[in-house]
Amino acid sequence: MQLTILTDLNKCVGCKSCQVSCKTHNTAGAFGPVPDHDPYRDPDGMWWNRVVALEAGEYPHTAVLYLPKACMHCYDAPCVPVCPTGASYKRADNGVVLVDYETCIGCQLCLWACPYGVREFDEHEGVVKKCTLCVDRLEDPTLPPEDRQPACVQSCPTHARIFGDLDDPESEVSRLVAERQGFTLLPELGARPAVHYLPRRPAPSPLGGQDWTMQEEADPT
Amino acid sequence: MRPTAPLILLTVLQGLAWGLIATVAWWLPSATASQLGFLTDLERLGSLLAAAGGVASFFHMHRPQAARYILRRLGTSWLSREALTTGLFVAVLTAVAWTVGAQGPGSEAGAIVSAGLGTVAVGVTALLYATIPAMRSWHSPVTVLALMGTGLVSGEALALGLAAVGPGASLGRLGAPWLLAGILGLTLVKGLQLHQFQLARDFPTGEGASGLPRGPWRLQDTGTSRPPYRTQPQVWPLLPHGVRVAGYTTVGLTLLALPAAGALAAVAHHGALAALGGISAAVGAVAERWMFFADATHSSRIWFQDVPRAPSRVAGPTASPEWVREFLAAVPPASDRD
């Protein structure tokens, strides 16, 4: 089993509710607090999930892309073998990559090894923290089954994020990845991320072309 | 990435100690009886430097209470291997330097074994950096050559500088041609490394980082008010061009040019200038290591780079066309129309 999150980039509107709900749940929850030790003087605390905004193309043929980015829970997670103490590990039963704070020495080598910049160093506790895929919610028997999913998935107002098992060919995430050319970030670095994205579809443009990807054809001059 | 003092001290001092003990092992068969005491002092200096590097590495661990687990992943983690090999190097070098020295029985074997362990320790440390694919600047065999070359050259230059002002002047003259050859080789390796760092800065592509098939693209928002330089030390602001030029010029002068001049001065019996070259090499190794960390590019920089603030090209404060201003001037105010 490899649990994962699939994000449909056509549906993401960049509202950052996933970013905020992640912070809220993991600050208040029982597992892995996400600290802001100095929130008023230094508002840049720890975030396990960041929504990055990218602009592509040349004005006026531009498009904005919102990219929610958290731990990719890679099949070949490069952060795991580099850890000298075994604090970084990948669970065999569900594929979630986690950190054992008790054995972490805070050397930060895993931050260098992660290609995606999704691990964060808590300088007050001296350990590295990261997205847990809300494993505390997934395994909480007191929650109703429909709530046993990551906070970012549950809070997405456009249902852009889908949670499921990538190793199950019958699951919704596997079907969507197969049918709609789901892709991963920086595949050339060989980490084989489990987290996938559905690519943007071409959209009609008032300027003549289909979208920014067709800018040569859509030159208004 | 963000340079940190413990890592700079660990790697520089470990390299210096290795260079010193390797030089001692090489000089020992040629040394006269009056020079053995000096070589013992060099060994002891090397052991102190290596031990200081080991102590510095503890300050990089933010939870040293978990250090007892550090050898758990010897099979996969270069950091586990570094802890083991550096620990062995420091222990054996300290034992050899403070018991046998360069005068006791088995001194040559002790120096050779210490130098061999130093080679393994510095090599493993270099491989730790070179085997991280996400660290685009370091993921190359050039990193291993550069770290080992810097350690060997700085240690030998320091030994030669100290020899020139002490009783080992003849040993210094023996080592000078080899030091010059080492500096020439290191110059070539550093040139290759600069090229590797430039390639790394150009690495990130919008396609691989976003799935957008065509550029150009630019980052609008890193997700928070600024890039996470405090919680993610693998990214750091890009060095300004002037700082980069000044940094590499300093490295060239202190690690390569002045030690080369010192080697020539040792041959020409200018002890003070040769000593200056040795000290300069040690300083240059620190400067080289600072640039090694500060100028390194991590693959995640693509999502965290500082975005220059630019005004909107759509709603900018551009002047209206002339005909619009004439039209507005011709139209009477709404109050007059009533």
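**Exercise 1.** Work out in which order the strands of the open sheet in chain A lie, and which strands form its edges.

*Solution.* In this predicted model, where local features need pLDDT of at least 70, side-chain atom pairs count only at pLDDT 80 or more, and totals for chains, interfaces and linings use all residues, three strands of chain A form an open sheet in the order E8-E1-E9, with mixed pairing. Residues are numbered from 1 along each chain as its sequence is written, while chains are lettered from A and ligands numbered from 1 in the order in which they are written. Strands are DSSP runs of E with at least two residues, helices are runs of H or I with at least four, and both are numbered from the N terminus; two strands pair if DSSP finds at least two bridges between them. The edges are strand E8 (161–165) and strand E9 (196–198) of chain A, each of which pairs on one side only.

**Exercise 2.** Describe how strand E1 of chain A is joined to E9(A).

*Solution.* Strand E1 (residues 3–8) of chain A runs parallel to E9(A), and three bridges join the two. For A:Thr7, the bridge partner in E9(A) is A:Tyr197.

**Exercise 3.** Determine how helices H1 and H4 of chain B are oriented towards each other.

*Solution.* Helix H1 (residues 5–27) and helix H4 (residues 107–130) of chain B pack at an angle of about 150 degrees, with their axes 9 Å apart. Axes are lines fitted to C-alpha atoms, for helices over the stretch in contact, and angles run from 0 to 180 degrees between N-to-C directions. Therefore H1(B) and H4(B) are roughly antiparallel to each other, a term for angles over 145 degrees.

Terms used
Parallel < 35°, antiparallel > 145°, perpendicular 65-115°, else oblique.
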